[in-house]
Amino acid sequence: MALCRAWTATRMPTRSSCLTVEPTHEWGDTMNIVVENTVCLNTGDAAILLAIRHIFKAVVGDEPRFFVFDSQPEVAAKLYPKKDYPDLEFHKLLSETMFRYSYGSGLKHRLKPHYNRLVLQVLQRFGTESFISRILFGESARRSLDIYRNADLVVTTGGTYLVENYNLERRLNQFRVDAILGKDPVFFTQSLGPFNKSYNRQELGPIFDRSPLILLRDERSRNHILDMVKEPGKCHVVADAVFALADTDRIGKRLASPQPPVETGRVAISVRHWNYVNDGEGGMRRYLDSVREIATILVRDHGKEVTFVSTCQGVPEYAHDDSKTARAIVAELDPEIAKHVSVDASFHTPDQLMALVKGFDFVVATRMHMMIMSLCVGTPVLPIAYEFKTKEVAKRVGVADLLLDIDTVTPQEAAEKLGRFAANLDQYRRTSLQAVLEEHASAMSATGLLKPLVPGASADVARDVGKGGGKHPARLGKDQHQDEGKPVVEA
């Protein structure tokens with residue numbers, strides 16, 4: 001079926017100027033799912049991808065095929081090789097291959113928004129096989145566009161990347177390409193908003209409106225977009241997708257046992273650097289001192305061996321390495337304490353990380369998906385929140401009274417809450433693990449919401465983009481996206 005996209009620009013394109021979307025080759029009976037906007041060098045982000053994969057397998061029954069559009073696909077393909085993940089195929093995000101982004105003020109940078117407008121206009125009017133398209137779009141980009149055209153469903157991955165701490169322009173450009181191709185994405189479980197910038201509201205509103213399904217991790221995120229969508233009934237609050245990976249048999253056995261598990265004498269700590277902490281460098285120092293106090297107490301008062309390990313580490317090509325922050329903490333420990341503290345700086349896949357944390361009595365987690373993956377294998381967690389998403393999870397798993405906030409935590413508060421957690425560990429374990437079973441059921445409830453979309457997902461014609469859709473691709477105004485260059489994703 002021919003699909004047509006009317007992109008709003010200086011004039012509304014006629015139907016003949018829209019991109020005709022026809023399959024270009026035979027794909028067989030396998031369901032083809034595009035998952036876009038992933039950053040699989042982050043193990044938390046990769047865990048979301050594997051959870052989406054798990055959930056869709058429950059929906060489809062047969063083995064679906066996943067085309068994963070990632071920021072660094074070559075590295076991701078090495079970390080998640082075909083021999084281990086035969087149904088995953090990695091490609092470069094179209095928003096990063098087809099567009100140019102401005103980081104300066106020279107003529108070259110001023111021309112980039114005009115180039116980006118041209119890209120969108122050529123794509124919508126001429127498709128990928130015209131002479132001008134072949135000049136603008138390389139073979140890899142045209143192959144990726146072909147994958148999108150033949151996809152049964154497009155999913156924008158779960159996580160936290162639609163918040164105004166981060167630059168949104170790459171995401172907006174990806175959604176614009178989706179719209180031209182007639183592939184309105186399903187938003188997998190998100191923490192997003194609030195959207196206070198008028199530009200972001202103008203551009204994201206029509207995108208949310210066209211999406212057939214929006215999954216949110218918390219009621220707060222849902223409230224952030226209720227005034228931006230015409231059909232609020234398609235916005236559903238469900239648990240973070242990674243809870244779908246929970247080892248329910250292991251958790252059930254732990255809950256059924258009248259005795260707590262035998263202690264291993266080992267505790268894991270996950271840390272991170274955070275650019276947006278209150279009080280800047282002073283606030284970051286306060287956080288590091290607080291974690292250092294936790295490590296000291298664990299060794300000195302509880303006789304624990306402490307291992308620093310996290311979801312963002314061991315990949316030189318990735319911008320974030322939590323082991324650097326861990327080493328900075330360990331470097332200032334008392335030598336007698338430091339003898340019992342180590343830094344695991346290696347990369348771990350989600351499966352490897354979850355297997356690793358089974359061997360710890362508990363985890364002190366700053367990274368939210370370090371928290372969730374630990375809970376998924378029955379290991380209790382003392383959380384440190386750097387964004388509201390962790391606070392919401394802490395409420396849902398019964399540890400809100402213990403939560404440490406990176407913006408306000410002090411060594412004294414950290415010591416007091418660690419003491420309460422350790423003294424009542426079995427109580428907190430049982431409360432959290434019972435909640436994890438509920439979160440698992442909630443995450444898997446997405447299957448029922450997805451099923452109606454599967455049969456006709458590739459037959460939809462994309463609807464109106466909205467008045468700003470094609471006018472301002474990749475532009476940077478005086479009061480719009482002045483955070484260009486800030487991180488673009490955080491799971």
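Student: Where does Pro-194 lie?
Tutor: Pro-194 is in the loop between strand E6 (186-192) and H8. Helices (H or I, at least four residues) and strands (E, at least two) are DSSP runs, numbered from the N terminus. The model is predicted, so local features need pLDDT of at least 70 and side-chain atom pairs count only at pLDDT 80 or more, while totals for chains, interfaces and linings use all residues. Residues are numbered from 1 along each chain as its sequence is written, and side-chain values use heavy atoms, with hydrogens and water left out.

Student: What kind of peptide bond joins Gly-193 and Pro-194?
Tutor: The bond is cis, with omega at about -5°. Most peptide bonds are trans, and most residues other than glycine have a negative phi.

Student: What is the phi of Asn-37, and why is Asn-37 called buried or exposed?
Tutor: Its phi is near 70°, a positive value in a residue other than glycine. Asn-37 belongs to strand E1 (residues 32-38). Buried means under 20% relative accessible area, exposed over 50%, and partly exposed in between (1.4 Å probe, protein chains only). Asn-37 has 0% relative accessibility, so Asn-37 counts as buried.

Student: What makes Val-262 buried or exposed?
Tutor: Val-262 counts as exposed because its relative accessibility is 77%. Val-262 sits in the loop between helix H10 (248-256) and strand E9 (266-270).

Student: How do you know how H10 and H18 pack?
Tutor: Axes are lines fitted to C-alpha atoms, for helices over the stretch in contact, and angles run from 0 to 180 degrees between N-to-C directions. H10 and helix H18 (residues 425-444) have axes 10 Å apart at an angle of about 145°. Thr-248, Ile-251, Arg-254 and Leu-255 of H10 meet Arg-430, Leu-433, Gln-434, Val-436, Leu-437 and His-440 of H18. By class, this contact has 5 nonpolar, 3 polar and 2 charged residues. Ala, Val, Leu, Ile, Met, Phe, Trp, Tyr, Cys and Pro count as nonpolar, Asp, Glu, Lys and Arg as charged, and the others, Gly among them, as polar.

Student: At what angle do H7 and H8 cross, and what is the handedness?
Tutor: The axes of helix H7 (residues 169-180) and helix H8 (residues 198-210) come within 11 Å and cross at roughly 35°. A crossing is left-handed if the near helix is turned anticlockwise from the far one by less than a right angle, and right-handed if clockwise. The crossing of H7 and H8 is left-handed. The residues in contact comprise 6 nonpolar, 1 polar and 4 charged.

Student: What makes a space a cavity or a pocket?
Tutor: On a 1 Å grid over the protein atoms alone, a cavity is a set of points where a 1.4 Å probe fits but cannot get out, and a pocket is an open set with protein on both sides within 12 Å along at least five of seven lines; lining residues have an atom within 4 Å of a point. Grid points are joined across faces, edges and corners, and a volume is the space filled by probe spheres set on the points. By this rule there are 6 cavities of 30 Å³ or more.

Student: What are the volumes of the largest cavity and the largest pocket?
Tutor: The largest cavity has about 60 Å³, and the largest pocket about 300 Å³. The cavity lining divides into 2 nonpolar, 1 polar and 7 charged residues, and H16 gives the most to this lining, with 4 residues. The largest pocket is lined by 18 residues, with Asn-165, Arg-220, Tyr-386, Glu-387 and Phe-388 nearest its centre.

How values were computed
Contact means heavy atoms within 4.5 Å.
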